[in-house]
Amino acid sequence: MYESRTKRLNVAAVALLGFFLWWAQGNLDGYKIQILNLVAINIILALSLNLIYGFTGLFSLGHAGFMAIGAYVSSLLILPAAQKEMIFLLEPLVWPLSVLQAPFFVAVLAGGVAAALFGLLISLPVLRLGGDYLGIATLGFAEIVRVVANNLSGITNGALGLKGIPNHANIWWNYGWCLFTLYFIARLVNSNFGNVLKAIRDDETAARAMGIDVLRCKVVSFSIGAFFAGVGGALMASLLTTIDPKMFLFLLTFNVLMIVVAGGLGSLSGTVIAGVVITVLLEWLRFVENPVTIGSFHIPGIPGMRMVIFSMALLFIILFRREGIMGMREITWNGIIGVCRRKGEKDRD
Amino acid sequence: MTERETALETQGVTMRFGGLTALHDFSIRVHRGSIVGLIGPNGAGKTTCFNVMTGFYRPTEGKVLFEGRDLTAKGPHEVCREGIARTFQNIRLFSNETVLQNVMIGCHVRTPLNWWETPLPFGVGAKKEKEIREKAYHLLEEVELAHLADECAASLPYGAQRRLEIARALATEPRFLLLDEPAAGMNPQESQKLMAFIRHIRERFNLTVMFIEHDMKVVMGVCEYIWVLDYGVLIAEGAPKEIQADPRVIEAYLGEEAVADA
């Protein structure tokens with residue numbers, strides 16, 4: 001009974017979201033639509049990192065690397081041949097890539113698959129490490145990807161990056177992928193396979209004793225996370241229409257990590273909430289970087305002030321609410337209905 | 001003792017950590033279907049012995065055989081797949097998960113749910129999920145924890161956590177169960193109940209049980225055969241009566257109190 005109610009409410013929520021997006025497309029300006037798009041992409045990225053870090057306990061800082069792989073692969077597949085010829089000034093694009101073309105959906109999928117393959121490749125040596133060492137190793141991986149992208153001019157166009165990427169990533173694609181990611185990861189972590197991942201996070205020794213092939217499960221989780229990071233990167237490339245290696249610095253991983261930690265490690269609803277709040281705040285807080293005049297006192301604009309505020313906010317979260325907004329809890333329909341009912345009973349009394 | 005009756009056998013197992021020999025030339029044979037004990041003073045190498053048997057340590061020398069198959073080179077999860085399950089001295093539950101989820105995790109080794117089976121709410125994955133949930137629930141009923149199925153594992157009282165850990169081990173469908181100090185921290189009534197419980201699950205699940213225990217009442221009450229370790233060396237073995245009378249054991253372990261009793 002609960003299950004069918006949950007299903008109906010989920011369908012209703014998706015319909016509501018669809019209606020909102022349809023309304024937004026007709027009534028909001030381009031800047032606000034852009035923010036809505038970024039919300040969707042950031043949620044995809046944060047959900048994938050939460051799967052790796054929050055649910056499996058693998059402290060990974062390699063998200064920017066997977067995003068870069070996804071972004072480059074899918075961009076090269078959707079760039080028209082003429083455009084490719086035009087932007088590759090240093091070296092012409094190597095042969096199969098110069099003529100290869102794919103529809104947007106396939107390109108994004110390919111970006112995700114490529115990222116997942118790299119995830120699989122590095123996970124075998126890297127996942128033998130634990131804790132902080134894993135963080136350093138994956139950070140190194142992301143850096144390697146960036147440096148390679150900077151120097152492999154025949155494929156990535158080096159530091160010039162790719163320009164004029166077709167802007168296919170509209171609000172429907174982004175939210176479509178976002179919902180798919182949420183659905184897939186939610187199903188995964190709520191299944192017994194998800195229980196196994198959480199077991200590895202909670203107590204690896206006990207998980208081994210329970211017959212769980214810990215390394216294999218970690219590799220699966222890491223690769224699935226990498227897949228969605230690649231998808232997020234691919235969508236972002238198409239949304240921004242231009243990418244270059246400088247975009248994929250550690251700061252990009254940091255932004256995603258901030259959403260995951262603020263939302264709660266091991267909470268999908270927390271990630272969604274934090275994804276919305278932080279993405280919106282990141283834009284809204286731009287005013288603090290503008291020059292301010294208070295009376296006769298003039299403060300020049302300080303670029304980067306937003307990040308100072310965010311870093312401080314993160315510091316406060318770690319100090320006073322380490323488990324994030326939601327901790328490991330989830331908002332469920334049954335929970336909401338339960339709260340409403342209790343409130344209703346209280347009002348009646 | 002014929003080959004068929006032996007469940008687990010160790011042959012000259014030696015475990016060295018650098019210069020320290022934690023276990024020296026340890027050879028035992030455990031009868032199938034028996035309840036046996038491993039005792040010894042603190043630091044005698046009992047837990048090391050368990051860690052060797054369950055694949056957490058690879059012995060420096062010697063072999064571990066389970067039902068005739070060599071386990072020496074196998075990792076913990078492979079040993080579990082072979083049919084040996086264990087509990088830990090300091091309870092190691094998955095503390096953020098519910099009681100039911102803890103047991104479900106134990107079911108994974110026999111009914112593995114693959115990641116690609118999870119997205120669809122119907123089909124093979126959903127069927128397996130249901131099967132696992134039901135099996136886990138039945139096991140909880142068996143250990144009288146079913147009413148706590150949705151509680152967080154960490155919130156359980158101590159005795160219930162011990163039982164849950166055993167239920168989780170049973171979920172892996174073992175034929176051989178290793179219990180590391182199951183009665184630690186229990187009062188006499190609780191350990192009395194535990195003994196009955198161990199006998200019950202042995203019958204119910206057709207197990208061979210080996211455990212480490214400090215509580216002599218439990219050891220002498222439930223074990224059919226006992227091995228005594230001291231400083232990594234096997235100093236005595238036999239039925240409880242013989243062990244109680246063995247002067248070396250009394251000297252090494254049971255102490256003056258036992259001498260006075262005898």
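A residue counts as exposed when its relative accessible area is over 50% and as buried when that value is under 20%, with partly exposed in between. Keep these cut-offs in mind during the tour, and remember throughout that the model on the screen is predicted.

**Stop 1: a salt bridge in chain B**

Select E203(B) and R202(B), whose side chains meet in a salt bridge with 3.1 Å from N to O. E203(B) has a relative accessibility of 56% and therefore counts as exposed, whereas R202(B), at 14%, counts as buried. Side chains of opposite charge can pair when their charged atoms come close. Over all chains, a search of the whole structure finds 25 salt bridges.

**Stop 2: the two domains of chain B**

Now colour chain B by its domain assignment, which gives domain 1 as residues 1-83 together with 174-262, and domain 2 as residues 95-172. The centres of the two domains, taken over C-alpha atoms, are separated by 28 Å. Where they meet, 18 residues of domain 1 of chain B are in contact with 13 residues of domain 2 of chain B, and the area buried between these domains is about 1300 Å², with carbon and sulfur atoms giving 67% of it. Select P174(B), F197(B) and F205(B) next: these residues supply 33% of the area that domain 1 of chain B buries against domain 2 of chain B, more than any other three residues.

Which side chains form the salt bridge between the domains? The count between domain 1 and domain 2 of chain B is one salt bridge, and the side chains of E142(B) and R204(B) meet in a salt bridge of 3.0 Å, N to O. Four residue pairs in polar contact are also found across the interface of these two domains, both residues of each pair being at pLDDT 80 or more. On the domain 1 side, helix 2 (76-82), strand 7 (176-180) and helix 6 (188-205) of chain B each supply at least two residues that touch domain 2, and the largest share, five residues, comes from helix 6 of chain B. By class, this side of domain 1 of chain B has eleven nonpolar, three polar and four charged residues.

**Stop 3: where chain A meets chain B**

Show both chains and select the residues in contact, which number 28 from chain A and 30 from chain B. The area buried between the chains is about 2600 Å², of which carbon and sulfur atoms give 62%. In chain A, the residues that lose the most area to chain B are R187(A), N192(A) and M210(A), together 24% of what that side buries.

Two salt bridges are found across the interface of chain A and chain B. For one, select D203(A) and R92(B), whose closest N and O atoms are 2.7 Å apart. On the chain A side, helix 9 (171-189), helix 10 (192-202), helix 11 (204-209) and helix 12 (214-240) each supply at least two residues that touch chain B; the largest share, eight residues, comes from helix 10 of chain A. By class, the side of chain A that touches chain B has 14 nonpolar, six polar and eight charged residues.

**Stop 4: helix 10 of chain A**

Is helix 10 of chain A mostly covered or mostly exposed? Ten of the eleven residues of this helix are buried, among them F193(A), L197(A) and I200(A). What covers the buried residues includes helix 2 (30-55), helix 9, helix 11 and helix 12 of chain A, together with helix 3 (99-107) and helix 4 (124-142) of chain B. At the N-terminal end, S191(A) caps helix 10 of chain A, with a side-chain oxygen 3.1 Å from the backbone nitrogen of F193(A).

Finally, select R201(A) and E97(B), which form a salt bridge whose closest N and O atoms are 3.6 Å apart. The pair crosses between chains, from E97(B) in the loop between strand 6 (84-86) and helix 3 of chain B to R201(A) in helix 10 of chain A. E97(B) counts as buried because its relative accessibility is 3%, and R201(A) is buried as well, with a relative accessible area of 18%.

Conventions: Residues numbered from 1 in each chain as written. Chains lettered and ligands numbered in written order. Predicted model: local features only at pLDDT ≥ 70, side-chain atom pairs only at ≥ 80, totals over all residues. Heavy atoms only, no water. Contact = heavy atoms within 4.5 Å. Buried area = accessible area lost by both parts, 1.4 Å probe. Salt bridge = Lys/Arg side-chain N within 4 Å of Asp/Glu carboxyl O. Helix = DSSP H or I, 4+ residues; strand = E, 2+ residues; numbered from the N terminus. Nonpolar A, V, L, I, M, F, W, Y, C, P; charged D, E, K, R; others polar. Domains from an automatic or database assignment. Polar contact = N/O pair within 3.5 Å; in protein donor to acceptor, adjacent residues only side chain to side chain. Buried < 20%, exposed > 50% of the residue type's maximum accessible area, 1.4 Å probe, protein only.
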